[in-house]
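Hello,

Here is the structure we talked about. My notes follow below it.

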Amino acid sequence: QVQLVESGGGLVQPGGSLRLSCAASGMAFSIADMGWYRQAPGKQRELVAVFTSRGGTDYVDSVKGRFTILRDNAKKTVALQMNSLKPEDTAVYYCNAKLTDSYRRVNDYWGQGTQVTVSS
């Protein structure tokens, strides 16, 4: 059974930093594409950052230069280092794993979410 457990959310002032972590279990972590999504109140969930199984990374434009996604295959963890936080970064952040099965179907797995609030 795949489990993704996030930690590290909280309240931070504008300009501050937070680091989110996601610990995975019950899955072949090294072959999964790992990502962080967020959902703000009244908005659709959006992809924030992805770290593919082949080592590629990508970010939504609004966080480029401020956020960094980190991956440790040995520890089965993925982290999101968030710097220079802005109030518009306030959202629930979700860890996501995408695994392709033997039928070439992509299966999505989600963590429970962690709240990030950027406010003075």
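Charges first. The mean positions of the 14 positive and 10 negative charges of the protein chain lie 3 Å apart. Lys and Arg count as positive, Asp and Glu as negative, with His and the chain ends not counted. Each charge is placed at NZ of Lys, CZ of Arg, CG of Asp or CD of Glu.

This is a predicted model: local features need pLDDT of at least 70, side-chain atom pairs pLDDT 80 or more, while totals for chains, interfaces and linings use all residues. Residues are numbered from 1 along each chain as its sequence is written, and side-chain values use heavy atoms, without hydrogens and water.

The fold: the protein chain has 0 helices and 11 strands (DSSP runs numbered from the N terminus; helices are H or I, at least four residues, strands E, at least two). Buried residues are 38% of the 120 (buried is under 20% relative accessible area, exposed over 50%, partly exposed in between; 1.4 Å probe, protein chains only).

Now the rings. The whole structure holds 2 aromatic pairs (Phe, Tyr and the six-membered ring of Trp, centres within 6.5 Å; planes under 30 degrees apart are stacked, over 60 edge-to-face, the rest tilted). Tyrosine 37 and tryptophan 110 have ring centres 4.9 Å apart and planes at 70°, so the pair is edge-to-face. Tyrosine 37 sits in strand 4 and tryptophan 110 in strand 10, so this pair ties together parts 73 residues apart in sequence. Tyrosine 37 is buried at 14%; tryptophan 110 is partly exposed at 35%. Tyrosine 94 and tryptophan 110 have centres 6.4 Å apart and planes at 90°, so that pair is edge-to-face.

Best wishes
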